[in-house]
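The following note sets out points for a colleague's reading of the model.

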Amino acid sequence: MREIGRCIQPVTRVLFCRNGSTGTGQTAKTPKNHMALDLLELRLQTLEDLIIGTRRKRIQPSEMKKPIFDHLFSAHAALASAEKRPAIARMLARTTEIQKYMDPQFMEDESLSTKAKVEVILAEKEKIENTAVAMERIRAISEVINHPAFRNLSSMRKRLNELNGVCLSQQEKLAAAIAEGQTLLDSYYSVMFNLSKLFIQCNQQLAAKSQ
């Protein structure tokens, strides 16, 4: 609410300027200021139309004719008057606390009790023990992991490239062997098919002669 009051105060100052006073005893009669205030009032009127919408029928016609600055001034005065009441003052004093309670992360930010922490640790007992065993194994082979041979691997890059070349060459040979084997299988199936046809014809001829 206080934030709203601070936001309304500059607008009420503009209202005073609109009526011919800047709040310091000087008048604001320049055409530039007048045009700026008219533009501001037009934008506020457009914003009011977007916010109110179909609810405009519920507002009294006399209220509709009032400039938006008059409504802002009335709201600021009502807010200042309400802050003087003890109940509202106490409520505003607890605004920060209420905002903290409304935060979705409020419950997550609360620290766990000692009992809850113990329960969490006991629930993760098996995982913690497995992690400890794994860390012990890593510590046992730390000498092998930290061996100087594993520190400078740049010298092995040339050998690795050579092995990659050999692997690619073998893959090409394998592909050629597979293609050749497929061709031989096709030839074998063709020969077997022709032999089967020949055997069938011979069998038919022998059967015809025997009759």
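1. One aromatic pair is counted, the criterion being ring centres of Phe, Tyr or Trp (its six-membered ring) within 6.5 Å, with planes under 30 degrees apart called stacked, over 60 edge-to-face and the rest tilted. The pair is formed by Tyr-188 and Tyr-189 and is tilted, at 5.8 Å centre to centre and 55 degrees between the planes. Tyr-188 is partly exposed at 46% relative accessibility, and Tyr-189 is exposed at 52%; here buried means under 20% relative accessible area, exposed over 50%, and partly exposed in between (1.4 Å probe, protein chains only).

2. On provenance, this is a predicted model in which local features need pLDDT of at least 70 and side-chain atom pairs count only at pLDDT 80 or more, whereas totals for chains, interfaces and linings use all residues. Residues are numbered from 1 along each chain as its sequence is written, and side-chain values use heavy atoms, with hydrogens and water left out.

3. Arg-139 is exposed at 55% relative accessibility, while Glu-136 is partly exposed at 42%.

4. Zero disulfides are found in the whole structure, a disulfide being a pair of cysteine sulfur atoms within 2.5 Å. Cys-167 is partly exposed at 37% relative accessibility, and Cys-202 is partly exposed with a relative accessible area of 35%.

5. Helix H4 (residues 68-82) has 15 residues, which at 1.5 Å a residue should span 21 Å; its end C-alpha atoms are 21 Å apart, in agreement. The expected span is 1.5 Å times one less than the number of residues. Ile-68, Phe-69, Leu-79 and Ala-82 are buried in H4. These residues cover an arc of only 150 degrees around the axis, so they lie on the same side of H4; the arc is that of the directions from the helix axis to the C-beta atoms.

6. The protein chain comprises 11 helices and zero strands, taken as DSSP runs numbered from the N terminus (helices: H or I, at least four residues; strands: E, at least two). Of its 211 residues, 7% are buried. Among contacts (heavy atoms within 4.5 Å) between residues at least 6 apart in sequence, 53% join residues at least 24 apart.
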